[in-house]
Amino acid sequence: MTRDEALDLVRDNISEDNLVKHCLAVEGVMRRLARYFDEDEEKWGLSGLLHDIDYEETADDEEKHSLIGAEKLEEMGLAEDIVHAVRAHNDAHDIPRRTLMAKALYASDPLTGLIVAAALVHPEKDLNEVDTEFVLNRYEETSFARGADRDVIASCSEMDLELEEFVGLGLEGMQEISEELGL
């Protein structure tokens, strides 16, 4: 599957613009992490872009989220490691994240929400003006962006990344596509 085909699939399955942007943000972070780890950037990008493909379909049933999406991706012939990463990114299933890609997707998903929230409260309201320290300061504020699960973000340690380095890489990945994100 090409990136353009994946983006069309996302847009066919997700009507909410902010959710499409979330998928793009996770894709950006995953691509940046793939470069950092010298992994397949296209494959990692696809896992990020497609990770919430079933979100609107399963919005009322968290127990099905990521299982239906992974099944769809499997039926389309996507690589097993992408399917596994998508399936394992939802804690509700207690699926071990056995690959670096799966660990990266799991930690990156909530990080994007924290970074977007930080950009929106930044005086410039511009993602390219946000730095790692600004995001880390927001991370420490437990009442800020409550939906961004700090424990999940901190699981970056499973990839042997310090929090500051992970936040910096994620921020870089999102800044690279800031125009597409509208930030």
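I start with E41, which is partly exposed, at a relative accessible area of 24%. Partly exposed sits between two cut-offs: buried means under 20% relative accessible area and exposed means over 50%, with a 1.4 Å probe and protein chains only.

Before going on, what kind of model is this? It is a predicted model, in which local features need pLDDT of at least 70 and side-chain atom pairs count only at pLDDT 80 or more, while totals for chains, interfaces and linings use all residues. Residues are numbered from 1 along each chain as its sequence is written, and side-chain values use heavy atoms, with hydrogens and water left out.

Back to E41. It forms a salt bridge with R31, and the closest N and O atoms are 3.5 Å apart. E41 belongs to helix α3 and R31 to helix α2 (residues 17-37), so this pair ties together parts that are ten residues apart in sequence. For the terms: a salt bridge is a side-chain nitrogen of Lys or Arg within 4 Å of a carboxyl oxygen of Asp or Glu. Helices are DSSP runs of H or I with at least four residues, strands are runs of E with at least two, and both are numbered from the N terminus.

Is R31 buried or exposed? R31 counts as buried, because its relative accessibility is 15%, under the 20% limit. Leaving aside neighbours within four places in sequence, R31 is in contact with R3, E41, E42 and G45. Contact here means heavy atoms within 4.5 Å.

How many salt bridges does the rule give? The count comes to 16. I will show two others. D91 pairs with R97, with the closest N and O atoms 3.7 Å apart. In that pair, D91 is partly exposed at 44%, and R97 is buried at 19%. The side chains of R138 and E141 also meet in a salt bridge, at 2.9 Å from N to O. Here R138 is buried at 14%, while E141 is partly exposed at 32%. Some salt bridges share partners, and these join R3, E27, R31, R35, E41, E42, E176 and E180 into one network. So R31 and E41, the pair I opened with, are both members of that network.

Which of its residues are buried? They are I82, V83, H84, A85, V86 and A88. What covers them includes α3 (41-50), α4 (67-75) and α6 (100-121). From α3, take S47. S47 counts as buried because its relative accessibility is 0%. Not counting residues up to four places away in sequence, S47 touches M30, I82, V86, M101 and L105. Two of these, I82 and V86, are on the list of buried α5 residues.

T58 is another matter: A25 and T58 are 33 residues apart in sequence and 21 Å apart in space, C-alpha to C-alpha.

Now the surface. Which residues gather in a patch of negative charge? The members are D131, E133, E162, E164 and E165. Patches are made of residues with over 30% relative accessible area and no salt bridge; like charges are joined within 9 Å, and nonpolar side chains (Val, Leu, Ile, Met, Phe, Trp, Tyr) within 5 Å. Accessible areas come from the Shrake-Rupley method with a 1.4 Å probe, and for residues only the protein chains shown count as cover. Lys and Arg count as positive, Asp and Glu as negative, and His and the chain ends are not counted. The place of a charge is NZ of Lys, CZ of Arg, CG of Asp or CD of Glu.

Last, two loop residues. D94 has a positive phi of about 50° although it is not a glycine. D94 lies in the loop between α5 and α6 and counts as exposed, at 69% relative accessibility. D160 also has a positive phi, near 60°, and is likewise not a glycine. The place of D160 is in the loop between α8 (150-154) and α9, and D160 is exposed, at 71%.
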